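Biologist: I would like to learn how to read a structure like this one, step by step. Could we go through the features one at a time, with the general idea before the case?

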Amino acid sequence: MAKVKVYVTAKKGVLDPQGKIVEQALHSLGYKNLSNVKIGKYIELEIKGSKGQGVDGQVNEMCKKLLANPVIEDYRFEVAE
Amino acid sequence: MRFGVVVFPGSNCDHDCFDAVHDVLKQPVEFIWHGETKLDRFDCIILPGGFSYGDYLRTGAIARFSPVMEKIKLFAGRGGLLIGICNGFQILTEAGLLPGALHKNKNLSFICKHVNLKVENIATPFTNKYKKSQIVNIPIAHGEGNYTCDADTLKDLKKNKQIVFTYYGENPNGSAANIAGICNKKRNVLGMMPHPERASEAILGSEDGFPLFKSILHSFSK
């Protein structure tokens with residue numbers, strides 16, 4: 001069983017209003033040394049099979065078809081045994 | 001002319017659309033349950049507003065996999081008139097029937113109020129009863145209405161005159177080029193965030209949405 005973690009965030013250049021507002025809140029708490037706060041989605045799932053058995057390809061396809069909207073979102077994923 | 005209003009689990013403007021067609025436009029109309037796959041009897045199909053499938057994952061992302069959507073793609077491909085209002089617009093972009101995506105409003109708030117729109121294109125089956133550049137007052141009610149697309153898509157939309165409605169005066173949600181509604185190149189699919197059905201009778205505070213329904217009837221009877 002492969003454990004998959006998918007991360008979806010706003011695409012570069014697409015406004016991430018949640019990230020921006022949380023960044024402002026952190027600044028107002030005095031943490032002025034940070035930038036580029038992004039808030040996205042975290043999705044976990046388990047797939048039968050293991051790395052190298054087509055799991056990566058399947059996850060990539062699922063991200064493109066459903067889990068992320070490529071018009072406004074970027075995604076990346078990790079596959080662990 | 002026969003209208004159909006699709007009902008997804010979580011649609012909540014389906015009855016408003018039904019009433020605008022049935023009681024105001026006085027045309028035959030039926031609800032279409034999202035599992036239905038026979039659409040041959042319809043001339044115009046409306047995807048209403050609401051929160052289909054609880055807006056889970058992304059607005060419209062799950063609704064586009066409903067059995068009815070495959071048939072709606074074929075219906076639109078045959079030139080059938082198709083309108084997506086609010087959540088319906090979000091579903092049309094997720095389904096790839098219209099370009100771009102509807103992103104969170106710039107200020108993160110759900111906005112429910114009357115806004116002014118400019119009718120940018122009256123040469124469509126949905127807007128032929130408006131006057132060129134007419135300013136109309138129609139309500140919006142959405143949290144994700146910020147129309148977003150890449151620079152090439154925006155260029156194409158402008159070049160092909162696919163921008164049908166823009167926000168006039170104030171842009172409430174941060175949409176690209178003040179876009180409130182767009183159509184496809186063939187002009188038979190329209191998506192818009194504002195709710196014309198909620199502005200179809202004087203008692204609702206505005207009748208400015210009604211010409212949209214009259215336009216559809218007019219284009220059909222021509």
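**Reading the two chains**

Modeller: Of the 81 residues of chain A, 17% count as buried, where a residue is buried if 20 or more other C-beta atoms lie within 10 Å of its own, exposed if 12 or fewer, and partly exposed in between, with C-beta atoms placed from the backbone. This is a predicted model, in which local features need pLDDT of at least 70 and side-chain atom pairs count only at pLDDT 80 or more, while totals for chains, interfaces and linings use all residues. Residues are numbered from 1 along each chain as its sequence is written, and chains are lettered from A and ligands numbered from 1 in the order in which they are written.

Biologist: What percentage of the residues of chain B count as buried?

Modeller: For chain B, 53% of the 222 residues count as buried.

Biologist: Which helices and strands does chain A have, and in what pattern do they follow along the sequence?

Modeller: Helices (H or I, at least four residues) and strands (E, at least two) are DSSP runs, numbered from the N terminus. Chain A has two helices and three strands, arranged along the sequence as β-α-β-α-β. The radius of gyration, taken over C-alpha atoms, is compared with a globule rule of 2.2 Å times the number of residues to the power 0.38. For chain A the radius of gyration is 16 Å, well over the 12 Å that the rule gives for 81 residues, so chain A is more spread out than a compact globule. Its C-alpha trace spans about 45 × 25 × 15 Å along the principal axes.

Biologist: How does the radius of gyration of chain B stand against that of a compact globule?

Modeller: Chain B has 16 Å, which agrees with the value near 17 Å that a compact globule of 222 residues would have. The C-alpha trace of chain B spans about 40 × 40 × 35 Å along its principal axes, and its secondary structure comes to five helices and 11 strands.

Biologist: How many residues does each chain bring to the contact?

Modeller: Two residues are in contact if their C-beta atoms, placed from the backbone, lie within 7 Å. Here 12 residues come from chain B and nine residues from chain A.
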